[in-house]
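Subject: Structure for your review

Hello,

Below is the structure I said I would pass on. My notes on what was found in it follow.

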Amino acid sequence: MAVNRDASDRERLLDEIAKCRSCRFCVDVCPTYQASGGVESASSFGRLQIIKYLLTGTLEFDDSLTYCLYSCLQCGRCEVMCKSKGQHLDICEMIQRGRRLLSGRLARGGKHAKL
Ligand code: SF4
Ligand code: SF4
């Protein structure tokens with residue numbers, strides 16, 4: 001049952017990530033993006049893309065992707081910007097859901113494990 005639930009959670013999360021318009025308005029306000037000196041994968045938009053590609057198997061975990069996924073401060077600044085631009089994505093919750101769905105794969109060593 002847990003496998004089925006994870007599969008449907010995965011599809012729901014991918015559907016929500018697909019609503020991102022790639023406008024990148026949220027990127028500049030993200031404090032970890034600012035601290036990184038402009039590395040997009042350390043931003044809100046970048047994290048959603050990383051989650052998408054990890055969930056679809058396009059990317060495999062490595063240390064830098066793991067760091068990007070877990071370094072989100074959950075501050076919500078990206079959400080305020082996204083909502084002000086009319087897209088209303090719950091980015092913090094989406095990142096948390098991505099972490100939960102991917103945590104088992106990370107614990108099993110990442111590379112060859114399947115969701
Ligand atoms: S502001 Fe919202 S829609 Fe635009 S890139 Fe960021 S998450 Fe995607
Ligand atoms: S919640 Fe995470 S992704 Fe969003 S602005 Fe804060 S650190 Fe960046």
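**Helix α5**

In α5, the buried residues are C78, E79, M81 and C82. Viewed down the axis of α5, these buried residues fall within an arc of 165°, so they line one face of the helix. The cover over the buried residues of α5 includes α3 and α6. After α5 comes G86, which has a positive phi, near 90°. Please keep in mind throughout that this is a predicted model.

**Overall layout**

The protein has six helices and zero strands. From the N terminus on, the order of elements is α-α-α-α-α-α. Along the principal axes, the C-alpha atoms fill a box of roughly 40 × 25 × 20 Å. A compact globule of 115 residues would have a radius of gyration near 13 Å, and the 14 Å of the protein agrees with that. Of the 115 residues, 27% are buried. If one takes the contacts between residues at least 6 apart in sequence, 62% of them join residues at least 24 apart.

**Helix α4**

Helix α4 spans residues 63–70, and its buried residues are L65, C68 and L69. Seen down the axis of α4, they fall within an arc of 95°, so they line one face of the helix. An α-helix has 3.6 residues a turn, so residues three or four places apart point the same way. The other side of α4 holds D63, S64, Y67 and Y70, which are exposed. What do the buried residues of α4 pack against? They pack against α3 (44–55) and α6 (91–107).

**The nonpolar core**

The largest nonpolar core contains 24 residues, and C26, I91 and M94 have the most contacts inside it. At least two residues of this core come from each of α1 (2–17), α3, α4, α5 and α6. The element that gives the most is α3, with six residues.

Leaving out residues up to four places away in sequence, C26 touches S44, F45, C78, M81, C82 and I91. Of these contacts of C26, C78, M81 and C82 are among the buried residues of α5, and I91 is one of the residues with the most contacts inside the core.

**The two ligands**

Which residues are closest to ligand 1? They are C20, C23, C26, C82 and Q87, out of 15 residues that surround this ligand. The elements that give two or more residues to the shell around ligand 1 are α3 and α5 (77–84). By type, the shell around ligand 1 divides into nine nonpolar, three polar and three charged residues.

Ligand 2 is surrounded by 14 residues, and the closest are C30, S44, C72, C75 and C78. Here α2, α3, α5 and α6 are the elements that give two or more residues to the shell. The shell around ligand 2 is made up of eight nonpolar, four polar and two charged residues. Two of the residues closest to ligand 2, S44 and C78, are also touched by C26.

**Loop residues**

S22 has a phi near 60° and is placed in the loop between α1 and α2 (31–36). S22 counts as exposed because it has 7 C-beta neighbours inside 10 Å, where the limit for exposed is 12 or fewer. Q74 likewise has a phi near 60°, and its place is the loop between α4 and α5. With 10 C-beta neighbours inside 10 Å, Q74 also counts as exposed.

E40 sits in the loop between α2 and α3. Is E40 exposed, partly exposed or buried? E40 has 16 C-beta neighbours inside 10 Å, so it counts as partly exposed. Apart from its neighbours within four places in sequence, E40 is in contact with V27, F45 and G46. F45 is also one of the residues that C26 touches. The C-alpha atoms of E40 and C30 are separated by 9.9 Å, with the two residues 10 apart along the chain. C30 is itself among the residues closest to ligand 2.

Regards

How values were computed
Residues are numbered from 1 along each chain as its sequence is written. Chains are lettered from A and ligands numbered from 1 in the order in which they are written. This is a predicted model: local features need pLDDT of at least 70, side-chain atom pairs count only at pLDDT 80 or more; totals for chains, interfaces and linings use all residues. A residue is buried if 20 or more other C-beta atoms lie within 10 Å of its own, exposed if 12 or fewer, and partly exposed in between; C-beta atoms are placed from the backbone. Helices (H or I, at least four residues) and strands (E, at least two) are DSSP runs, numbered from the N terminus. The arc is that of the directions from the helix axis to the C-beta atoms. Two residues are in contact if their C-beta atoms, placed from the backbone, lie within 7 Å. A residue is near a molecule or strand if its C-beta atom, placed from the backbone, lies within 6 Å of it. Ala, Val, Leu, Ile, Met, Phe, Trp, Tyr, Cys and Pro count as nonpolar, Asp, Glu, Lys and Arg as charged, and the others, Gly among them, as polar. A nonpolar core is a set of buried Ala, Val, Leu, Ile, Met, Phe, Trp, Tyr and Cys residues joined through C-beta atoms within 7 Å. The radius of gyration is taken over C-alpha atoms; the globule rule is 2.2 Å times the number of residues to the power 0.38.
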